[in-house]
Amino acid sequence: MPAANYELVIEPARGWLNIRWRELLHYRDLTLLLVRRDFVSKYRQTVLGTAWFVIQPLLTTLVFTVIFGNVAQLGTDGMPHVPFYLAGLLLWSYFAQSLPAIGSCLIVNSNLFTKVYFPRLVVPLSIILSNLIALGLQFVTFLAFWAYYRFGTEAGGAMQANWTVLLFPLLVLQTAMIAAGVGLWLAVITSQYRDLQHLIPFIVQIWMYASFIIVPLSEVPERFRLWTALNPMVAVVEGTRYAFLGKAALTPLHVGVSAALTLAVFATGLAAFGRIERKFVDYI
Amino acid sequence: MSRPIIEVRNVSKLYRLGSIGAGTFQDALKRRWALLLGREDPLKRVGEKDLMIPPDHPQAGPEPNTFWALKDVTFDVREGEVLGIIGKNGAGKSTLLKILSRITEPTEGRIVMRGRVASLLEVGTGFHPDLTGRENIYLNGAILGMRTREIDARFDDIVEFSEVERFIDTPVKRYSSGMYVRLAFAVAAHLDPEILVVDEVLAVGDAEFQKKCLGKMQDVAASGRTVLFVSHNMNTVRSFCTQCVFIEAGRAIAGLPVPSAIARYMGLSPEHAATSVDMSTLPRSFSALGDSIRFIRAELLSHPVRETEDICFGLTVNASESVPGLLLGAYIGVPGQRCLGVAQTELPAGLRVGENYLRLTIRGGQLASGEYVAGFFIRDCFRDYDYVREFMPFVVEPAVTEDWTSYWHPSWGSVRFACQVSTAHTDDTGAGRSAAPSPEARGLR
C-alpha cells in the first residue's frame, strides 16, 4: 500500500451500512488462512481426517432411514429413502454448521478482537468458506449415491434430475446468505446477552424439523404451504430435491418470497453487525 | 512532511457502567416491557447515592453511570517521533491505545493516521496450538495485517530470529513457553509499518527477552518510523521517547518534553513539586548512627533545575554536640537504579550545637536532563553521623538553549563528563600545546 496518500480516519461510525469493503479485500489472505486454520485444527490428530465430512451426513441419513423411513414409515414423495434424506441434508448441514459458528464468532474470538484490529467480517466470511469446502466433499458423496440409486436400483426410476440442477449454486448462495444473515444477528445479540448462546443449538434443531428434511413439503395441506416460505430454508431443501429428484411442492411465489426474505435477513444482519463491530469489545 | 503523521482531535470515549454490561436478555426484556407500560424501570432501584459515578465527578458523563474514559484528547505526532503515552492506572491510557489500534471506536472526535499502522498489544495473538510454527507465523502475520507474500519474503528472517528452526513444523502446543514467546515476538518484530503502536505489557518474559523486545523497538525508532509507546516504566520512556503525552483522569497534556512528563507522572509537577521534605521522621537504615547529629529537613532551592544551572539543596541539621572536621555529602541516583555518584565536601566551620542551616551546591552541567533522587549524609573520618539514602526526587529540565553542542541523546545515560581537548601537531614546538579550554569545549558551561 503506498504510504504517500494512505490515510486512515478513525471516527464514530455513522450511517446504515458501515462495511469497509476494500479493507475486507485487503485482508483476503487472512480470510484464507482462517479457513485453513478451521479446517486443519478440526481434523488434525484424527485417524479419518477429512473423511468425517462425508461420514457425518451418511450416519445421519442412516439414522433417518431407519427411524423415520422404516420405523415411522414417513413418506418421501415416492423417492428412495437414502437419496431423499441425503438431498435434504446436503445444504441443511452446510447451514447447520455455519449458523452456530457465526452466531458465536464474536464471543469465541473475543481474545483476538480485543487485541488486534482487522475487519471483523473476516471471521464469519471464513466460516462460510471453510464450511463450503465440507459442502464440496459432501456434494461429491451425494452425487455418487445419487448415481448409484438412479442407475443401479429399480426404485431409482422415480428420480428425475432436470435442468434446474444448474441453479444449484444459487441455492448454495442462498443458504450461505441465510446462515450469514441470521448468524450475524445472533452474533450481535449474543455479544450483549449471553443467554442466546445456550439457545442456539435448540434453534438449529427446531429449525431442522421446520425445514422439511424428514418429510416432504407435499405432506402439508396446499393452503398452508405458502406459510412455510417464511422459513427460507424450506425453499432451499425442496429446491435441491426438485433439481436432483424431480419432485417438490414449490411454487414460483414460494421461491420468490423466500428469496426476498433471504435478502432482507442478509442485509439487516450485515447492517446490525456493521453497527456494533467497532464497539462490541466495550461490553463483551 | 509538513503534516503530522498522526492527528488526534478532540477524541472522547464514553463508557457506560453496570446496567448494560452486566445485563441478561431477560433484564433487557423486563426493561423494555416496563417502558412499554410506562412503569418505572424495574432494574433501576438504586438511589442517587448508589450511583457508581457521582454526578459531580469530574469524569461523569451526560447520563447517570456513564463516564468519560477520555475527554477531548488532542495531540499530533510527527513522523519519526517516539511518543510515550504515560499516566497512572485507570487514567485512560489503555482506552486511548484501543482507539488508536481501532479495537474500539471513539464516541466523539477524529483521528487521522497517514501511514500503515500495526499495533502490538500482545504477542502471539491468534496463535493456534494445533497449528505448526510455520502455519502460525502465516496466520499471526496475517492477523497483524501482513499479506502472505510479505510473510513469504520475511519468513527465513522470522524463523532465524525466533531460534526455533528445528521445530518449525511441529505444532506449537509442543513448544516450551520460551519458544512460543520467541516465535510470537519474531513475527511481531518483522512487521514493517510506518506507525507502530506498542503496549509495554508486551515486554513480558525473562529479562533477556525484554531486552530483545526493547532493542527491536529501538531499531524501529532509529529507522525513522513513528512509534507510540504506552509504558509505566519511566526508565524505558526516558531512554527512547522523544516526546510524551501525559494522561490524567481522561484528559491529556500533550507535547511535553520527556523529563517534565516523567515529573508529572511521579507526582511532582515542575511548578509545585514537593521541594521540601521533613527528614526527621524518615527511617534511618542503620540504627547505630546515634542521634548526636540529625538531618531535620531538606529543601530543593533551585527551582526549576535546568541542566546548565547549579543545583542547590538547603539542609537543616540538628547537632547536640559540636563536632569539627565533618564531611557533608549527597547521594545522587536515578529512581530504581543504583546510585549514580556522590557529591561531598568538607564543612569548613563544622557544626555548632543546635540547628544549623547548610547549603549544598552541586555545580550545573553535570547531570543530563531527567529525573533523579537525592539522599544526604554527614560523616567524619571515623563514622557516619547520619545518612538517608536517595529519597528526595527532583527533575533536571533541559537547558533553554539552541546550542547544538549541548545535545544529549536519551541513551547516553545521565552524567555529562567534563572534558577538554587539545590539538597536538607534530610540527608544533611544544609551547602552548594545551591551550586553556574554551567554554564550548568544556561542555555547557
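B:Ala374 touches B:Phe313, B:Ala330, B:Tyr331, B:Ile332, B:Glu390, B:Met392 and B:Phe394, leaving aside residues up to four places away in sequence. Contact here requires that the C-beta atoms of two residues, placed from the backbone, lie within 7 Å. The model is a predicted one, in which local features need pLDDT of at least 70 and side-chain atom pairs count only at pLDDT 80 or more, while totals for chains, interfaces and linings use all residues. Residues are numbered from 1 along each chain as its sequence is written, and chains are lettered from A and ligands numbered from 1 in the order in which they are written.

B:Ala374 and B:Cys244 have the most contacts inside the largest nonpolar core, which has 179 residues. Such a core is a set of buried Ala, Val, Leu, Ile, Met, Phe, Trp, Tyr and Cys residues joined through C-beta atoms within 7 Å. A residue is buried if 20 or more other C-beta atoms lie within 10 Å of its own, exposed if 12 or fewer, and partly exposed in between, with C-beta atoms placed from the backbone. Helix H4 (residues 81-103) of chain A gives the most to this core, namely 15 residues.

Of the 445 residues in chain B, 35% are buried. Chain B contains eight helices and 18 strands, where helices (H or I, at least four residues) and strands (E, at least two) are DSSP runs numbered from the N terminus. Among contacts in chain B with a separation of 6 or more, 70% involve residues 24 or more positions apart.

In chain B, four strands form an open antiparallel sheet in the order E10-E11-E13-E16. Strands E10 (276-278) and E16 (354-362) of chain B stand at the edges with a single partner strand each, so one side of each has no neighbour in the sheet. Two strands count as paired if DSSP finds at least two bridges between them.

| Strands | Sense | Bridges | A bridge pair |
|---|---|---|---|
| E13 (residues 311-319) and E16 of chain B | antiparallel | nine bridges | B:Val317 and B:Asn356 |
| E1 of chain A and E4 (residues 108-113) of chain B | antiparallel | three bridges | A:Leu8 and B:Met113 |

Between the chains, 31 residues of chain A are in contact with 43 residues of chain B. On the chain A side, strand E1 (8-10), helix H2 (28-43) and helix H9 (195-209) each supply at least two residues. The largest share, six residues, comes from H2 of chain A.
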